[in-house]
Amino acid sequence: MNTGKLLEVRNLQKFYNKDGVPTKALNGITFDVFPGEYLGIMGASGSGKTTLLNCIATIIKPTSGQIMLSGENISAFSGSDLAEYRGTKIGYLFQDFALLDNLTGKENILLPLSIHNVAASTAEKKLFDLADFLGIRDVLEKFPSQMSGGQKQRVAAARCLISNPSIILADEPTGALDTKSARQLMEKLQEINQKQQRTILMVTHDPNAASFCTRILFIQDGVIFHEIRKQIQTETQEAFYERILQVMAQMGGGSANVL
């Protein structure tokens, strides 16, 4: 049955055991993500936001609860189903780019398609379309060591997008970028969301980056503390940014505490 929800997270818990002491990273989180949403996740360091993203990406396994993508329980995936999910259903944009140093920009971008045996002619057309959109044609033959931080993250974004994933997972995508590069990346992600209706789930500590989202969940101590939605037709990005700051201050310590 199609509920209209792309992603459903139900009572998700993740416990760690450190030196015999259990720690609850996630303590029963429940929320939905709808097709075409741009959802931000914010919270203090240790609040569980990256753990949440990594559970959805199947990088780590939750202790209990369910994660459903398009009605399928991803927690039950294994083998080829899991590889298919990771390779084609999600795209992951890492804070530290996660590019392979011995591959060129072009080779890094094409890697997901080559793993899944996509025809070279199809892959190259997708590559050049994305390179033009992200402004990275001039670095396709360069290695990561020859690129700026902004160029590396746009190459990583192209790699994330090239398999047309159902949902883009972004973990602090502006964390290693200067202000100008961060804004360029966020504008491109916003354009992808608005014009292509791509669904994005982004963890960020940066209220500027978060102001590009359409909805934000604030996590504290492994549970959802608060939620705000942008009034898309009437609210400016600057006004939404101010509302984000207000919630961050309520959570304690202002923006310095929301890492």
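## Close-up views of a predicted model

View 1. Most residues other than glycine have a negative phi.

View 2. With a relative accessibility of 42%, asparagine 11 counts as partly exposed. Threonine 58, which follows helix 1, has a positive phi as well, near 65°.

View 3. Helix 1 (residues 49–56) is largely enclosed by the rest of the structure, because seven of its eight residues are buried. The buried residues in helix 1 are Lys49, Thr51, Leu52, Leu53, Asn54, Cys55 and Ile56, a list that includes a lysine and an asparagine as well as leucines.

**View 4. Strand 8 between its neighbours.** Strand 8 (residues 199–203) is buried at five of its five residues, and is therefore largely enclosed by the rest of the structure. Thr199, Leu201 and Val203 point one way from strand 8, while Ile200 and Met202 point the other way, and all of them are buried. Strand 3 (residues 38–43) runs parallel to strand 8 and is joined to it by four bridges, with leucine 39 having leucine 201 of strand 8 as its bridge partner. Strand 7 (residues 167–171) also pairs with strand 8 in the parallel sense, over five bridges, and here leucine 169 stands opposite leucine 201. Together with helix 6 (residues 179–196), strand 7 and strand 8 make a right-handed β-α-β unit.

View 5. Side chains of opposite charge can pair when their charged atoms come close. Glutamate 8 and arginine 10 meet through their side chains in a salt bridge, with 3.5 Å from N to O. Glutamate 8 counts as buried because its relative accessibility is 14%, under the 20% cut-off, whereas arginine 10, at 27%, counts as partly exposed.

View 6. Aspartate 129 and lysine 125 form a salt bridge through their side chains, at 2.9 Å from N to O; both residues lie in helix 4, four residues apart, about one turn of the helix. An α-helix has 3.6 residues a turn, so residues three or four places apart point the same way. Aspartate 129 is partly exposed at 43% relative accessibility, while lysine 125 is exposed, with a relative accessible area of 55%. Elsewhere in the model, salt bridges that share partners join Lys5, Glu8, Arg10 and Asp32 into one network. The side chains of glutamate 124 and lysine 106 meet in another salt bridge, at 3.1 Å from N to O. This pair links distant parts of the chain, since glutamate 124 belongs to helix 4 (residues 120–134) and lysine 106 to helix 3, 18 residues apart. Glutamate 124 is partly exposed, at 29% relative accessibility. A search of the whole structure finds twelve salt bridges.

**View 7. The largest pocket.** Rolling a probe the size of a water molecule over the atoms shows where empty space is left. The largest pocket holds about 440 Å³ of space. It is lined by 18 residues, of which Arg86, Tyr92, Phe94, Pro112 and Arg159 are the closest to its centre. At least two lining residues come from each of helix 2 (79–89), strand 6 (90–93), helix 3 (105–115) and helix 5 (149–161). By class, the lining of the largest pocket consists of eleven nonpolar, five polar and two charged residues.

View 8. A search of the whole structure finds one cavity of 30 Å³ or more, and the largest cavity has a volume of about 30 Å³. The residues that line the largest cavity are Gly150, Gln153, Arg154, Leu177, Ser181, Gln184 and Leu185. Helix 5 and helix 6 each supply at least two residues of this lining, which has two nonpolar, four polar and one charged residues.

Methods:
Residues are numbered from 1 along each chain as its sequence is written. This is a predicted model: local features need pLDDT of at least 70, side-chain atom pairs count only at pLDDT 80 or more; totals for chains, interfaces and linings use all residues. Side-chain values use heavy atoms; hydrogens and water are left out. On a 1 Å grid over the protein atoms alone, a cavity is a set of points where a 1.4 Å probe fits but cannot get out, and a pocket is an open set with protein on both sides within 12 Å along at least five of seven lines; lining residues have an atom within 4 Å of a point. Grid points are joined across faces, edges and corners, and a volume is the space filled by probe spheres set on the points. Ala, Val, Leu, Ile, Met, Phe, Trp, Tyr, Cys and Pro count as nonpolar, Asp, Glu, Lys and Arg as charged, and the others, Gly among them, as polar. A salt bridge is a side-chain nitrogen of Lys or Arg within 4 Å of a carboxyl oxygen of Asp or Glu. Buried means under 20% relative accessible area, exposed over 50%, partly exposed in between (1.4 Å probe, protein chains only). Two strands pair if DSSP finds at least two bridges between them. A crossover is right-handed if, with the strands pointing away from the viewer, the path from the first strand over the helix to the second runs clockwise.
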